[in-house]
Amino acid sequence: MNNEKTGSYQDLIVWQKAMDLVVGVYEITKDFPTDERYGIVSQMRRSAVSIPSNIAEGYRRKSEVDFQRFLRIAYGSASELETQLLIAQRLRYGPASFARTDALLEEILKMLNKMTEGKSS
């Protein structure tokens, strides 16, 4: 990674997509049952927010080792969100289809995996 090339974590496509994912998660969870406000809604939102947050934090650490570690944390948060989306779908919460959110999340997981592939921590 060369921080001078991209200038800012905000220039990273994976960060931009992760920000879009946060908005999508907030949108789909707004209509979940109110008794889930402090349950799965909170968990899903925290997992989603954690993805771009960890990408940004790792990038700003200015060390490739730290950046890779935070990318792995972001990947873990994305995996948590993937499971939480599956749970919400099984419980029939939110919209009938999470297709857009699922597709965006899958794309982010692939990007994060590619960015950490073969890199030691």
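Helices here are DSSP runs of H or I with at least four residues, numbered from the N terminus. This is a predicted model, in which local features need pLDDT of at least 70 and side-chain atom pairs count only at pLDDT 80 or more, while totals for chains, interfaces and linings use all residues. Residues are numbered from 1 along each chain as its sequence is written, and side-chain values use heavy atoms, with hydrogens and water left out.

H4 itself takes in residues 64-90, 27 residues in total, and runs 39 Å from its first C-alpha to its last. That is close to the 39 Å expected at 1.5 Å a residue, where the expected span is 1.5 Å times one less than the number of residues. On its buried list are Asp66, Phe67, Gln68, Phe70, Leu71, Ala74, Ser77, Ala78, Leu81, Gln84, Leu85 and Ala88. After H4 comes Arg92, which has a positive phi, near 60°.

Ser77 lies in H4 and has a relative accessible area of 6%, so it counts as buried. Setting aside residues up to four places away in sequence, Ser77 touches Ser47, Ser50, Ile51 and Asn54, contact meaning heavy atoms within 4.5 Å. Leu85, also placed in H4, is buried with a relative accessible area of 1%. Beyond its neighbours within four places in sequence, Leu85 is in contact with Ile28, Met44, Phe98, Thr101, Asp102 and Leu105. As for Asp102, it is 17 residues from Leu85 in sequence, and the two C-alpha atoms are 7.9 Å apart.

Next come H2 and H3. Helix H2 (residues 13-29) packs with helix H3 (residues 40-60) at an angle of about 170°, and their axes are 9 Å apart. The axes are lines fitted to C-alpha atoms, for helices over the stretch in contact, with angles running from 0 to 180 degrees between N-to-C directions. H2 and H3 are therefore roughly antiparallel, given that angles over 145 degrees get that label, those under 35 count as roughly parallel, 65 to 115 as roughly perpendicular and the rest as oblique. From the H2 side, Val14, Trp15, Ala18, Met19, Leu21, Val22, Val25, Tyr26, Ile28 and Thr29 take part, and they meet Val41, Met44, Arg45, Ala48, Val49, Ile51, Pro52, Ile55 and Ala56 of H3. By type, the residues of this contact of H2 with H3 split into 17 nonpolar, 1 polar and 1 charged. Ala, Val, Leu, Ile, Met, Phe, Trp, Tyr, Cys and Pro count as nonpolar, Asp, Glu, Lys and Arg as charged, and the others, Gly among them, as polar.

Leu104 in H5 is buried, with a relative accessible area of 12%. Not counting residues up to four places away in sequence, Leu104 touches Lys17, Asp20 and Leu21. Leu104 and Phe32, 72 residues apart in sequence, have C-alpha atoms 20 Å apart.

Finally, Gln10 sits in the loop between helix H1 (3-6) and H2. Gln10 is partly exposed, at a relative accessible area of 40%. Its contacts, leaving aside neighbours within four places in sequence, are Trp15 and Gln16.

Key. Helix = DSSP H or I, 4+ residues; strand = E, 2+ residues; numbered from the N terminus. Buried < 20%, exposed > 50% of the residue type's maximum accessible area, 1.4 Å probe, protein only.
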